Amino acid sequence: MSDIVRRTPEQKENAKHGEQMFPLKKYITTLDDFHPTVIAHWHDEAEFTLVTEGSGTYQVQLSSYEVKAGDLLFIPPAALHSITVPSGGYLRTETYVFHMHFLGMHAADVCAVRYLTPISSQKLLPPVLFCSNHPLYSDIRGIFLELNRVYGAKENGYELLLKADFLRLIALLLPYCTEDSTQTGLHSEHTAKLKAVLEYIDCHYTEDLSIAQLASRCYFSEYHFMRFFKKHIGMSCLDYIKALRLEKAAELLEQGELSILDVSLSAGFCNLSYFYREFKKKYGMTPKKFRAQCRP
């Protein structure tokens, strides 16, 4: 496998997937007790995923999907999504992250105008989850296995073969797409509110954030906001902020440039003992041991 990445992206993911001329990259993600979540985020690329081992929960836009080994998922561009496994759980996935530009979304032809652009802008909504009983399952699993073969071999002209496979995938999805509707518009409004809150948290996670402060950004009461957030993100707002701060702390520890006290403060933890306790609870070891294991 070409790329093995521990995926803990920011809410609006700014990572570059692939290169400007070849915006496609493969990732292998493993979730377990050590890394139990990929926190809610979104990006301009689409994702095509095969669950290779275990089980877990995907939250895509405002819907939850229970997945198991063998299932496939298609997540369109700009869709808010997260992944979790329960305590003691395990999930391993292979994912192709690709930009619709790679398929010719900006070309002045019927394919771009009628199909690629509407999917990218969520005017056409493809199914997310494909289990073994789905009519498309056999065909799209075959496409995924062919992508693996071509991506792994990287023979001359492999980029053309990958592009052809993704275009075939889109063509297979089209009959199962639904068009935007009033209900979808309401979902889009709720998703936009969630994105606004997540972006605000990402910019201010080092500060003392209150539920009232965050609820006001959605024009919700505190009670409604807490219910709304937990329903669509899968954890309480306070747990989410803590999880984000711990992931930021882990990134700083991996860099190894700051003292543990400075890491704690930089990640938004004012109490060092609380930081130690919560970090050990999440990662199974103290911050000091975590940093030691990250060093060559």
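User: Is C203 buried or exposed?
Analyst: C203 is exposed, at 59% relative accessibility. Keep in mind that this is a predicted model.

User: And C218, buried or exposed?
Analyst: C218 is buried, with a relative accessibility of 0%.

User: Which cysteine sulfur is closest to the sulfur of C218?
Analyst: The one in C237, at 9.1 Å.

User: How many disulfides does the count come to?
Analyst: The count is 0.

User: Switching topic. What is in the largest nonpolar core?
Analyst: It has 33 residues, and L24, F48, F98 and F166 have the most contacts inside it. Strands β3 (46-60), β5 (72-75) and β7 (91-98) each give at least two residues to this core, as do helices α1, α2 (137-153) and α3 (158-173).

User: What about a second core?
Analyst: There is a separate one of 26 residues, with Y205, I211, F225 and I241 among them. In general, nonpolar side chains tend to be buried together in soluble globular proteins.

User: How many aromatic pairs are found in the whole structure?
Analyst: The search gives 17. One of them is F269 with F275, a tilted pair with 5.2 Å between centres and 45° between the planes. Both of these residues are buried.

User: What kind of pair do F279 and F290 make?
Analyst: Edge-to-face, because their planes are at 85°, with the ring centres 5.3 Å apart. F279 is in helix α9 (residues 272-283) and F290 in helix α10 (residues 287-294), 11 residues apart in the chain. Both F279 and F290 are buried.

User: Which residues form one aromatic cluster with those?
Analyst: The cluster consists of F269, Y274, F275, Y276, F279, Y283 and F290. Y283 also has the charged end of K282 over its ring, 5.4 Å from the centre. Elsewhere, K154 lies over the face of Y151, at 3.7 Å from the ring centre.

Note on methods
Residues are numbered from 1 along each chain as its sequence is written. This is a predicted model: local features need pLDDT of at least 70, side-chain atom pairs count only at pLDDT 80 or more; totals for chains, interfaces and linings use all residues. Side-chain values use heavy atoms; hydrogens and water are left out. A disulfide is a pair of cysteine sulfur atoms within 2.5 Å. Buried means under 20% relative accessible area, exposed over 50%, partly exposed in between (1.4 Å probe, protein chains only). A nonpolar core is a set of buried Ala, Val, Leu, Ile, Met, Phe, Trp, Tyr and Cys residues joined through side-chain atoms within 4.5 Å. Helices (H or I, at least four residues) and strands (E, at least two) are DSSP runs, numbered from the N terminus. Rings of Phe, Tyr and Trp (its six-membered ring) pair if their centres lie within 6.5 Å; planes under 30 degrees apart count as stacked, over 60 as edge-to-face and the rest as tilted. A charge sits over a ring if NZ of Lys or CZ of Arg is within 6 Å of the ring centre and within 35 degrees of the ring normal.
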